[in-house]
Amino acid sequence: MNIAIIGAGYAGMSAAFDLVKAGHEITIYESENSTGGLARGFRDPKWDWSVDRFYHHWFASDNHMLGIIEELGLSDGVIFPRPYTVLLHNKKWYPFDSIKEALLFPGLGWGVNKLRFGLVGVYLRLTKNWQALEKITADTWMRKWAGAHVYEQMWEPMLIGKFGKHYKDVPMSWFWARIHARTTKLGTFKGGFQAFADSFSEKLGEMGVEIRLNAKVKSIKQNQDKNVSVVGENGEEKFDKALVTTSPKVMAKLTPDLPKNYLEKLLELKQMGAVVLVAALKHQLSEEGYYWFNLPKDDGFPFLALVEHTNYVSSEHFGGEHIIYGGDYVEVGHEYFKMDAEELMDKFAESFARINPKFTRDWVRKVWVFKADYAQPVPQLNHSQNIPAIETPLEGIYFASMSQVYPWDRGTNFAVEIGRRAARLMME
Ligand SMILES: Cc1cc2nc3c(=O)[nH]c(=O)nc-3n(C[C@H](O)[C@H](O)[C@H](O)COP(=O)(O)OP(=O)(O)OC[C@H]3O[C@@H](n4cnc5c(N)ncnc54)[C@H](O)[C@@H]3O)c2cc1C
């Protein structure tokens, strides 16, 4: 078959890998100037390694991703440095990414709360019954089983930070997926995620996949003779099948001929956007070497996560500079979407100084800002019943996105999984 894939993120590239291996002819259309999708990176001339636009890492349990990396022969590039995640309690930061550290965390006291926190964690690690958990919101379930104190200390700030006004709607299955499938060990690729995307796309090229960068698709339609037309900047081309890996909203726009009920399903899916500030500093911000700071918004922090990338991988890969991210999930239309990098820095600088009082603006050599409309799907109660099928009602047109990897939370690991699942369906 002659197949078009829209999007050179991990879903699109993984589908292309299996389809080309099976002998099909593949053309990938990518609107951006590099591959990797949301997990793309950028490189300042002063740096040897790239920095991810939106902080990224893998979990040791990311079997789909680590599996395809092995098939690609790129496992030598994967590294698992030991980073430290910290939580705030009474104006002090505490490491919180091992059982020992969780037991020592003073925010939960020593009594029944710590026991409830532990038991809930063990239950969610062990149970496989996410179907029961999608019928109840995380807010209700956590209040009942972990208790109000544990929930309000530990989990509610994270839910608010991620989902804003939607946080009370999110089903417990979303929480289950995070606790069930994640590890405290965090991995990355030597050279950054962009180095991996470049190696992946280079392999695809060697296997015969044609990857067209700066090639935005404008529309897709099914023809009378049962093939699919893809209309790009340079006109229309015909394929036997097409796989779209964009956001549901873009899919709906590209393919207006989809039947009404499928289109409605696409448009009813909810999502949060993300705005991330990246700054190159002359000095280390967290002198304790902490990597990930969970920032409670009710404590006056105007964003959710402060991540010091060079407390995870060495600053020697960045010409001795220290790289920090300030990231937040917000709805499209939020003021952060209108701000440039300097304006965001003005907004976030006070928080950086709360991490290290010595921080001043002259520490900052350069700032960048990255924005994504579709960054985090927001699942609803009984979400499994609302997921659009990968095989759309238009024969030959397939759709695979972050909103369909549920019950898992989005991530490059599940982009690989859904890309490969879509490839299998296309070959059936
Ligand atoms: C802030 C943030 C932090 C994250 N952290 C992690 C993490 O730590 N670990 C992890 O594994 N995952 C993380 N993720 C999630 C991860 O980035 C995604 O799950 C994954 O990259 C999705 O891959 P995809 O191929 O499904 O979609 P995408 O990566 O979105 O790929 C879709 C591609 O389609 C292209 N496209 C769109 N429209 C068109 C068009 N009209 N024509 C041609 N091309 C088009 C886009 O440019 C894009 O390249 C994070 C995401 C965000 C936003």
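Residues are numbered from 1 along each chain as its sequence is written. In this predicted model, local features need pLDDT of at least 70 and side-chain atom pairs count only at pLDDT 80 or more, while totals for chains, interfaces and linings use all residues.

The protein chain is divided into two parts: domain 1 (2-79 + 192-269 + 386-427) and domain 2 (98-181). These bounds come from an automatic or database domain assignment. The C-alpha centres of domain 1 and domain 2 are 32 Å apart. Contact between them involves 4 residues of domain 1 and 7 residues of domain 2. Two residues are in contact if their C-beta atoms, placed from the backbone, lie within 7 Å. On the domain 1 side, the touching residues are 2 nonpolar, 1 polar and 1 charged. Here Ala, Val, Leu, Ile, Met, Phe, Trp, Tyr, Cys and Pro count as nonpolar, Asp, Glu, Lys and Arg as charged, and the others, Gly among them, as polar.

The largest nonpolar core holds 126 residues. Such a core is a set of buried Ala, Val, Leu, Ile, Met, Phe, Trp, Tyr and Cys residues joined through C-beta atoms within 7 Å. A residue is buried if 20 or more other C-beta atoms lie within 10 Å of its own, exposed if 12 or fewer, and partly exposed in between. Ile3, Ile5, Ala16, Ala242 and Leu243 touch the most other members. Strand β15 gives the most to this core, with 9 residues. Domain 1 and domain 2 each supply at least three residues to this core. Beyond four places in sequence, the contacts of Ala242 include Ile3, Ile220 and Ile397.

Helices (H or I, at least four residues) and strands (E, at least two) are DSSP runs, numbered from the N terminus.

Helix α13 is largely enclosed by the rest of the structure, because 13 of its 16 residues are buried.

Gly147 lies in the loop between α6 (138-145) and α7 (148-163). Gly147 counts as partly exposed because it has 17 C-beta neighbours inside 10 Å. Beyond four places in sequence, Gly147 is in contact with Asn113 and Arg116.
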